[in-house]
Amino acid sequence: MSQSNSTFSKQSNKQTEGRPPRPSVSTRARQDQAARRTFFVFTLLPVLLILFIAIALFIRSWPIISAYGLSDLLFGEVWRPNNEQFGFWPFILGTLWVTTVGVVLAVPLCLLASIYLAEYAHVKMRSFAKPILDLLAAIPPVVYGVWGLLTIVPFVDDVLAPLFDRWLGSVSIFKVNQPTGFGILSAGIVLAVMIAPLIISVMYEIFSTVPNDLRHASLAVGATRWQTIRNIILPQVAPGILAAIVLGASRALGETIAVLMVVGNIPQVPTSIFDSAYPLPALIANNYGEMMSIPLYDAALLSAALVLLIVILIFNILSMLVIQRMLRRKWAS
Amino acid sequence: MGFLTKKRWQRRHLVETFMKFIMRVSLFIVAGSLGLILWIVVVRGLPSLSWEMVSQIPKGGYYMGKGGGILNAIIGSLYLAAGGTLLAMIFSVPIAIYLKTYLGDSKWGQYVRLSLDVLWGIPSIVYGAFGFALMISLGMRASLLAGIIILAFIELPIMTRAMDEVIRRMPEDLEHAALALGSTKFEVALRIVTRQMLPGITTAILLGFGRGIGDAASVLFTAGYTDRIPTSLMRPTASLPLAVFFQLSSPYPEVRERGYAAALILTVIVLVVSFSSRWLSARLNKYTVK
């Protein structure tokens, strides 16, 4: 303490050179130091919270990981908690199918919409689109679920399924095995709309990192806007676009309630986009009630959450690093 | 030669027009789905919405179509979201101030921002499972307090980043002027950054509140569900998203109808919060130096 006091008095001497000494300077400097330390402790919270979540989930799921081994859990195909059989494979595949369909549907739409907003739209149009995207992002997942239940499920059941079955029924991923409307495609459509605002706003930010000089140069030699976008801008922002897609995918991976309401929740290995599936988050949410009554059940569900967390952390960190780097390039220029 | 150039000219312009058209269509689909969602929720929710729904707690046999309302869920959700937002604020305001005043774009600042963004991306079901893991370790039961704490964790990154984005646009001259007059960084934070941050804080509060009130997956594990209005922090509480969810899975059509009405109530709350955030931050922006 005495050491730090002396450094403060040195500082204060420097600051008050040529003026009558003001004793309050050292108090103020000490106050500043104290505030700096307190604030620093606060910033530890978000950094440590990530670790803390991972560790807590790991500790609670250790009983089952040590008893069965990770590969048996991940690739086991049978889910019978009463028989102490915990295989996540159908659920992992369900998650992957739903996420893939959602991302595949969302990406072209979002890419085109964000190019339009960034490259073509007038300021008026942009200031009109932004609140719409904000609202879309603000709507709670359960309302998306209600919408999916009331609109998308009947639409898939009455329109899309017969259509696909008639024209593409021979292709196995479009075959209609369970004509209920509840399934991967419905969940994918709902997810696509849910992740669209995020993907569009990230892509829009990425497009705005391209310096205007490049656009002007290309337009000046006679290229059309679309030629400029395709040949000049898209190659520049490709990593950022990919990162935006990965970010969107990681959102889709963890979406629970909305998906749970429309996906059908049948633990099977899906083969077609019209099949029901049972993604991991839905599994966790649906079984929280019985969790404590069957041995190892809670550990199994928490290890499912751990798997989800790890995959999402990897996706998130990679895409965030790319996006942050691209955005910094913009501020630097 | 002239023919050739003319043909190529036409083709690329055709492509240009076509691309522009499908871009407009894409944007329209995205915007249109918002309209569709709102329309469906209003059309299906309005018929079964009544004063009884918003002013009473469920009576006996409510879940078989008898009388009562979802006041327990409305109040519960307001408690949860308000508590979560308040708790998250206590932590997010100092972090945002620290990021601006002391860290800037330093290495640690980048780490903190990255970890906030990563926290933002963790799905609420994982937060819920984490809360549940903590609760069984501590021997706690589902309660309002547990729900509030988990919601605070979920809202923390959202609120901090929202404040951070707003305060980042503060002119550096302001800070430099204050530092040149001999104030410490802490005084800059206290006297200048906090005032400039006011619109950011307002936006953040409403953003966090909106997110908190709509979150179902985390509350499912931590706050439980009950037909009563919670009287203490240690009691379990109902919440609107779960009220929607549970009523929709009922076999009784009347109960499902009331689930749609509950969804409408939730949507209206979220819309009001979202619009007032826009309006308030526009008003408060007048009082900041740009």
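How many of the 24 residues of H7(A) are buried? The count is 22, and the helix is mostly covered. A residue is called buried if 20 or more other C-beta atoms, placed from the backbone, lie within 10 Å of its own; with 12 or fewer it is exposed, and in between it is partly exposed. The model is predicted: local features need pLDDT of at least 70, side-chain atom pairs count only at pLDDT 80 or more, and totals for chains, interfaces and linings use all residues. Residues are numbered from 1 along each chain as its sequence is written, while chains are lettered from A and ligands numbered from 1 in the order in which they are written.

Chain A holds twelve helices and two strands. These are DSSP runs numbered from the N terminus: helices are H or I with at least four residues, strands E with at least two. The order from the N terminus is α-α-α-β-β-α-α-α-α-α-α-α-α-α. Along the principal axes, its C-alpha atoms fill a box of roughly 90 × 70 × 35 Å. Of the 333 residues in chain A, 44% are buried.

Two helices are bent. The bend at a residue is the angle between axes fitted to the seven residues ending there and the seven starting there. Helix H7 of chain A (residues 184-207) has a kink of about 40° at A:Ala196, shortly before the proline A:Pro197. H6(B) bends by about 35° at B:Glu155, and the proline B:Pro157 follows within four residues. In H6(B), 21 of the 24 residues are buried, so the helix is largely enclosed by the rest of the structure.

The contact between the chains takes 71 residues from chain A and 70 from chain B. Residues are in contact if their C-beta atoms, placed from the backbone, lie within 7 Å. Helix H2 of chain A (residues 24-68) gives the largest share of the chain A side, 18 residues. That side divides into 51 nonpolar residues (Ala, Val, Leu, Ile, Met, Phe, Trp, Tyr, Cys and Pro), nine charged (Asp, Glu, Lys and Arg) and eleven polar (the others, Gly among them).

Positive phi values occur at A:Glu84, near 60°, and at A:Asn265, near 55°. A:Glu84 sits in the loop between strands S1 (79-80) and S2 (85-86) of chain A.

Note on methods: Two residues are in contact if their C-beta atoms, placed from the backbone, lie within 7 Å.
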